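Please look over the model below with these notes beside it. They are numbered for reference.

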Amino acid sequence: MEIALDKQSAVIEHKSYARVGLLGNPSDVYFGNTISFSLGNFWASVRLEPSTDLVIVPHPSHDLVQFNSISHLVNRLQNEGYYGGVRLLMAICKIFHKYCKENNITLHDGNFTLSYDTNIPRQTGLSGSSAIVSAALSCLLDFYKVRHLIKVEVHSTVRQRWLEGDEFIRSTMEEVANIAVEGRKALLEKDYIKLVALMNHNFDLRRRMFGDDALGAMNIEMVEIARRIGAASKFTGSGGAVVVFCPDGPSQVKQLEDACHSAGFTFQPIKVMPSFLSEVDLQTLGSH
C-alpha cells in the first residue's frame, strides 16, 4: 500500500493494489493458507480530507445516478450491477466505529470528506472491493490515530457448510490450504513442473466444492483455454479473471495471447508489486 500525506491541508491518501491469489485460495477465509501477490497493473485509492460535515463523495463513473435514458440505466445495471464504492466506504466507516466502540477506543470529534478512485476491473476476483475498503480503513486509522487490526469475515453457502462441519468441505478446504504449503516449497526450489500441477489442482478442488453452475461457463472456459496450450491456470479470486503460468516461456505466452484474443478475452501481463507490510505489521498479523 502506498501512502501520501499533505501536512499543510492534512489530506490523507492511501492506495491499495489489486490482489491475485496464486495458490491456496479460498482457504484463506477458512483458517487455511494462501500465497498471493499485489498486482501493480490495477489499484484503488482513497482520499480523506478534514471537513465541517462528514461527506461520502460518489464516484462520477462508478456511482452513476444520471443516465441518458432508461435503456442506458438498464444496460449499466446489467453490466456493472447496482452498487459502486459509496456503500463500501459507508460500510467500513460503520465497522470501524463499531470496533472502536467495542474496544473502548475514543475517537475525536473531527469530520471528513471521503472520496475514492479505482481502475480495478469489476467482478474479476481481483479484490477490487477489498482494495477500496483497505485504502479507506488506512485513511481512517491515520485520521483518528488508531493502531489496531480489524478483522472482517466473509460468509457464503460454502462457508455455512464449513461452519456446520460438512466433512467434504472441511477435508477439501484443508487440501486446498496444503497446496499453498507445497507451493511455497516448489517456488523456493524453482520446481515449475510442480507449480503447474498445484495451480491446476487448486482450481479442480474449488470446482468440486462450488460446482460448475456457481463458477460459470465463461470462467471455466478461461481456465480451459490456458490448459489447452499446456499452461497452468486458476481463478485470481472468486471468478471473473484467471492467473496463468506458462512454464515453457515466451513462445507459450504468445500462444496464450493468441488463444485469448480469439476467444474474446483480455490478455494482461502481470506486474508484481513488492509487499508494503512492515516488520511490525507482519508481527501483528502473525499474532492473530
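1. Which side chain meets Arg-19 in a salt bridge? The partner is Asp-28, at 3.1 Å from N to O. A salt bridge here is a side-chain nitrogen of Lys or Arg within 4 Å of a carboxyl oxygen of Asp or Glu. Arg-19 is partly exposed at 26% relative accessibility, and Asp-28 is partly exposed at 35%. Buried means under 20% relative accessible area, exposed over 50%, and partly exposed in between (1.4 Å probe, protein chains only).

2. The model is predicted: local features need pLDDT of at least 70, side-chain atom pairs count only at pLDDT 80 or more, and totals for chains, interfaces and linings use all residues. Residues are numbered from 1 along each chain as its sequence is written, and side-chain values use heavy atoms, with hydrogens and water left out.

3. The structure holds 12 salt bridges. One of them pairs the side chains of Glu-13 and Arg-47 at 3.1 Å, N to O. This pair links distant parts of the chain, with Glu-13 in strand β2 and Arg-47 in strand β3, 34 residues apart. Helices (H or I, at least four residues) and strands (E, at least two) are DSSP runs, numbered from the N terminus.

4. Arg-47 also forms a salt bridge with Glu-49, where the closest N and O atoms are 3.7 Å apart. Glu-13 is partly exposed at 32% relative accessible area; Arg-47 is partly exposed at 32%, and Glu-49 at 34%.

5. The second largest pocket has a volume of about 1,000 Å³. A pocket is an open set of points on a 1 Å grid over the protein atoms alone, where a 1.4 Å probe fits, with protein on both sides within 12 Å along at least five of seven lines; lining residues have an atom within 4 Å of a point. The volume is the space filled by probe spheres set on the points, which are joined across faces, edges and corners.

6. The lining of the second largest pocket comprises 36 residues, and those nearest its centre are Val-242, Val-243, Val-244, Gln-268 and Ile-270. Elements giving two or more residues to this lining include β2 (11-23), β3 (35-51) and β7 (242-245). Helix α8 gives the most, with five residues.

7. UniProt, in an unreviewed entry, places "domain: GHMP kinase N-terminal" at residues 97-147; its annotations may be inferred rather than shown by experiment. In the model, residues 97-147 are 45% helix and 16% strand, with the end C-alpha atoms 14 Å apart.
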